[in-house]
Amino acid sequence: MDNEINSGGRSLPARRVFGYALVAAAVALSLTGCQDSGTGVEVSAGDSAAADASDGARGSGEKRDDGPRRLLWMGDSIGEAQAPALDAAMEAGGVAFESVAAAGGGGVVGKIAAPTWDRLPKTLKTFAPDVVAYQVTTYDWGTPAEQRAAYERLVKTVNEAGADLLLVSAPPFKLDDFYQPHEKEIESAPQSAKSVAAKYPDTAAFLDASALWGDDSGAEQAQRSKDGIHSCQQGSAAFAVWFGEQLERRYGFDPAAADAWATGEWTGDKVYSRLGCA
């Protein structure tokens, strides 16, 4: 059973087109600092057909009505830049949110992942999420077998704590001198995550975010900041809208309208000033 959320060739319903348009309009009006960063939210029905797919629904394809109520977000500095918008969107939707996304780390593969594995059990116990979302990091370096072993460990750890795991593909990002030696590992990580999620269709899923970002880090659709790696406020808001729709499909979650949160205090988070977004 394939539990990936993919395009399915469907057209985007009018209400979802409107939702993306709200993010584009509301954030663009208040966030002029990102205008030169390639972070404008311009999502067409063709680019976002995946937003209407229901292939990722739990098991039989039916929605659940028991979550999420508490969402734990995991990732690296890319995830850290998305966290403020996710926090605002989840809070507006009545979901408690906590982020452990970490700059310079946050992964679960290899020696660099030791801090994650040390921290995760404690956070699962204290925060008690019912859904954990892990965005594949830029540091998930290893062979496909090592990646699969790490993601399987993550599924089991999260499931044993009573939560579902959503494995989310990372946006395309610039492979600079630091990342180029690990290009093959970076390319194999999403497929490794997808194959592991497929083994646990009732308690895990793989969400393919290329439906939102595309596959080219230099394209406008990728909404990268000036560094070609992270997102500014508009890109993060677009991701929060997209992610809320994935929760709607899998759990019956009712996302808050973008205009209820898209221009809130989160837009002034220091992570964006560090990226030169505002």
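Glu152, Lys156 and Lys199 are linked in a network of salt bridges, a salt bridge being a side-chain nitrogen of Lys or Arg within 4 Å of a carboxyl oxygen of Asp or Glu. The model is predicted, so local features need pLDDT of at least 70 and side-chain atom pairs count only at pLDDT 80 or more, while totals for chains, interfaces and linings use all residues. Residues are numbered from 1 along each chain as its sequence is written, and side-chain values use heavy atoms, with hydrogens and water left out.

Helices (H or I, at least four residues) and strands (E, at least two) are DSSP runs, numbered from the N terminus. Glu152 also meets the side chain of Lys199 in a salt bridge, at 3.0 Å from N to O. Lys199 lies in the loop between helix 5 (183-197) and strand 6 (204-207) and Glu152 in helix 4, so this pair ties together parts that are 47 residues apart in sequence. Glu152 has 17% relative accessibility and therefore counts as buried, whereas Lys156, at 42%, is partly exposed. Buried means under 20% relative accessible area, exposed over 50%, and partly exposed in between (1.4 Å probe, protein chains only).

The count of salt bridges comes to four. One of them joins the side chains of Lys122 and Asp118, at 3.5 Å from N to O. These two residues are four apart in helix 3, and therefore separated by about one helical turn. Asp118 is partly exposed, with a relative accessibility of 48%.

Asp130 is found in the loop between helix 3 (114-127) and strand 4 (131-135). Asp130 is buried but has no salt bridge, and the nearest side chain of opposite charge, Arg69, is 4.6 Å away. For charge, Lys and Arg count as positive and Asp and Glu as negative; His and the chain ends are not counted. The side chain of Asp130 does reach the backbone nitrogen of Arg69, at 2.8 Å.

As a whole, the protein has eight helices and six strands. Along the sequence they follow the pattern β-α-β-α-β-α-β-α-β-α-β-α-α-α. Buried residues make up 55% of the 278 residues. Met90, in helix 2 (residues 77-92), is buried, with a relative accessible area of 1%. Met90 and Val241 are 151 residues apart in sequence, and their C-alpha atoms are 9.9 Å apart in space.

The largest pocket holds about 410 Å³ of space. On a 1 Å grid over the protein atoms alone, a pocket is an open set of points where a 1.4 Å probe fits, with protein on both sides within 12 Å along at least five of seven lines; lining residues have an atom within 4 Å of a point. The volume is the space filled by probe spheres set on the points. The lining has 22 residues, of which Ala170, Pro171, Pro172, Ile186 and Pro190 lie nearest the centre of the pocket. Helix 5 gives the most to this lining, with six residues. The lining divides into ten nonpolar, seven polar and five charged residues. Ala, Val, Leu, Ile, Met, Phe, Trp, Tyr, Cys and Pro count as nonpolar, Asp, Glu, Lys and Arg as charged, and the others, Gly among them, as polar.

Conventions:
A polar contact is a pair of N or O atoms within 3.5 Å; within protein, one must be able to donate a hydrogen and the other to accept it, and residues adjacent in sequence count only if both atoms are side-chain atoms.
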